[in-house]
Amino acid sequence: MNILIALSIGMIVGAIASYLFLNRRYHRKIAKLERVIERYQVEPDRSDPAVDRAPNVKLEPIIHSGKLAAGQIIKASVVEVDSTALQEFLKTRGIQIKSIPPRQECDDILDRLAMFMGNRYSSIEKLYARIKSNMDRGYSFTINLKNLPQEQIANICQLATRLHDLTFLEEYRYQKSPHFILSAKPSRNPKALSFFSGQWLERFVKDRTIEAIRKTHLELQYSYLLNPQIILPNGDDFELDAIFKIGNHIFWFEAKTGNYQRYLEKYAKISSVLGLDREHTFMILTDISETSAQELSALFQMKVVNIESFVEHLDRAFEKLRSVS
């Protein structure tokens with residue numbers, strides 16, 4: 001009898017110990033998951049001393065909505081926008097729509113990442129250039145950040161951390177003072193290659209345009225198509241980066257991170273097919289001076305702008321909408 005009692009007590013104690021152990025492991029996993037989720041928020045990475053010493057950098061919220069009124073506060077993060085009128089406009093220009101990419105679950109994450117890159121492009125350009133030049137073959141690279149301003153180092157390290165979290169960088173390491181050496185290796189997975197090759201800029205242009213609509217403080221109906229595959233009246237296949245219908249106006253945006261020279265003449269012709277003038281057709285480039293952009297705008301039926309001045313030019317275009325409203 002004593003043996004049975006002892007065995008029963010032992011089993012009960014063992015069960016309690018197992019419960020406490022598993023419960024502790026569960027809470028550890030939850031805490032770890034919360035830390036991972038937090039890393040996708042737009043707060044500096046405190047694990048990197050360079051970032052820790054930087055100012056608190058925060059991304060603007062991304063808003064998708066079909067209507068923005070003066071003084072309106074929109075809390076919903078995503079609202080599907082009806083693009084029927086925009087599709088009808090393309091048909092009136094003799095353009096057939098082959099396909100429109102559907103929204104994906106990862107879009108919000110990639111949009112926030114794109115906004116970070118676009119808003120701080122001059123600061124993170126050094127890292128992006130090295131990623132882009134090495135991504136096709138997946139070569140590792142190093143960057144010496146020693147002589148860069150502290151805020152620039154912070155932005156570069158924060159971006160590298162985000163990219164590594166998302167597996168867009170297979171490897172990432174930053175050696176702090178006195179070395180200031182960043183080492184990384186780009187991923188060659190399709191999502192990473194697409195994002196680095198220019199998709200990030202398209203996302204930035206789309207979301208910055210939506211923000212500019214909000215800033216007009218006008219009650220505007222709008223819709224947009226991102227990367228629709230189309231057939232031009234002459235039978236050629238083409239892909240529009242982003243096309244918006246804002247009120248009664250159509251705006252077309254093309255974004256390039258390099259080799260823009262061979263596209264300008266073709267885009268100018270497509271602008272004519274769309275029936276759009278220079279004020280409604282934008283080409284946004286990452287690596288061009290303001291002077292060169294102005295010269296290209298004069299040569300072609302498009303408003304060519306660099307990424308730093310894009311928002312300013314967009315605000316001017318939308319200011320004209322205000323004057324006629």
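How many aromatic pairs does the count come to when rings of Phe, Tyr and Trp (its six-membered ring) pair if their centres lie within 6.5 Å? By this rule the count comes to 18 aromatic pairs.

## Basis of the model

This is a predicted model, in which local features need pLDDT of at least 70 and side-chain atom pairs count only at pLDDT 80 or more, whereas totals for chains, interfaces and linings use all residues. Residues are numbered from 1 along each chain as its sequence is written, and side-chain values use heavy atoms, with hydrogens and water left out.

## Overall architecture

The chain has ten helices and twelve strands, where helices (H or I, at least four residues) and strands (E, at least two) are DSSP runs numbered from the N terminus. Buried residues make up 44% of the 325 residues in the chain; here buried means under 20% relative accessible area, exposed means over 50%, and partly exposed covers the values in between (1.4 Å probe, protein chains only).

Among the contacts with a separation of 6 or more, 66% are between residues 24 or more positions apart, a contact being defined by heavy atoms within 4.5 Å. The accessible surface of the chain comes to about 17,600 Å², of which 53% belongs to carbon and sulfur atoms; accessible areas come from the Shrake-Rupley method with a 1.4 Å probe, and for residues only the protein chains shown count as cover.

In the classification of ring pairs, planes under 30 degrees apart count as stacked, over 60 as edge-to-face and the rest as tilted. Of the 18 aromatic pairs, one is formed by Tyr-222 and Phe-244, which are stacked at 6.4 Å centre to centre with 25 degrees between the planes. This pair links distant parts of the chain, with Tyr-222 in strand β6 (residues 220-226) and Phe-244 in strand β9 (residues 242-246), 22 residues apart, and both Tyr-222 and Phe-244 are buried.

A further pair, Phe-251 with Phe-318, is edge-to-face, at 5.4 Å centre to centre and 80 degrees between the planes. Phe-251 belongs to strand β10 (residues 249-256) and Phe-318 to helix α10 (residues 310-324), so this pair ties together parts that are 67 residues apart in sequence. Phe-251 is buried, with a relative accessible area of 1%, and Phe-318 also counts as buried, at 2% relative accessibility.

## A charge over a ring

The charged end of Lys-256 sits over the ring of Tyr-263, 4.1 Å from its centre. The criterion for such a placement is that NZ of Lys or CZ of Arg is within 6 Å of the ring centre and within 35 degrees of the ring normal.

In helix α9 (residues 290-299), Ala-293, Leu-296 and Ser-297 are buried. Seen down the axis of α9, these buried residues fall within an arc of 105 degrees, so they line one face of the helix; the arc is that of the directions from the helix axis to the C-beta atoms. On the other side of α9, Ala-298 and Leu-299 are exposed, while the buried residues pack against α8 (264-274) and β12 (303-306).

Leu-274 is found in helix α8 and is buried, with a relative accessible area of 2%. Leaving aside its neighbours within four places in sequence, Leu-274 is in contact with Phe-89, Leu-90, Arg-93, Ile-95, Ile-243 and Trp-252. The C-alpha atoms of Leu-274 and Ile-250, which are 24 residues apart along the chain, are separated by 9.0 Å.

## Backbone exceptions

Most residues other than glycine have a negative phi, and most peptide bonds are trans. A cis peptide bond, with omega about 10 degrees, joins Ser-177 and Pro-178, and Pro-178 lies in the loop between β4 (169-175) and β5 (181-186).

Thr-167, although not a glycine, has a positive phi of about 65 degrees; Thr-167 lies in the loop between α6 (150-165) and β4, and counts as partly exposed at 48% relative accessibility. Asn-259 likewise has a positive phi, of about 55 degrees, without being a glycine; Asn-259 is found in the loop between β10 and α8, and counts as exposed at 55% relative accessibility.

## Cysteines

With a disulfide taken as a pair of cysteine sulfur atoms within 2.5 Å, the count comes to zero disulfides. Cys-106 counts as partly exposed, at 22% relative accessibility, whereas Cys-157 counts as buried, at 0%.
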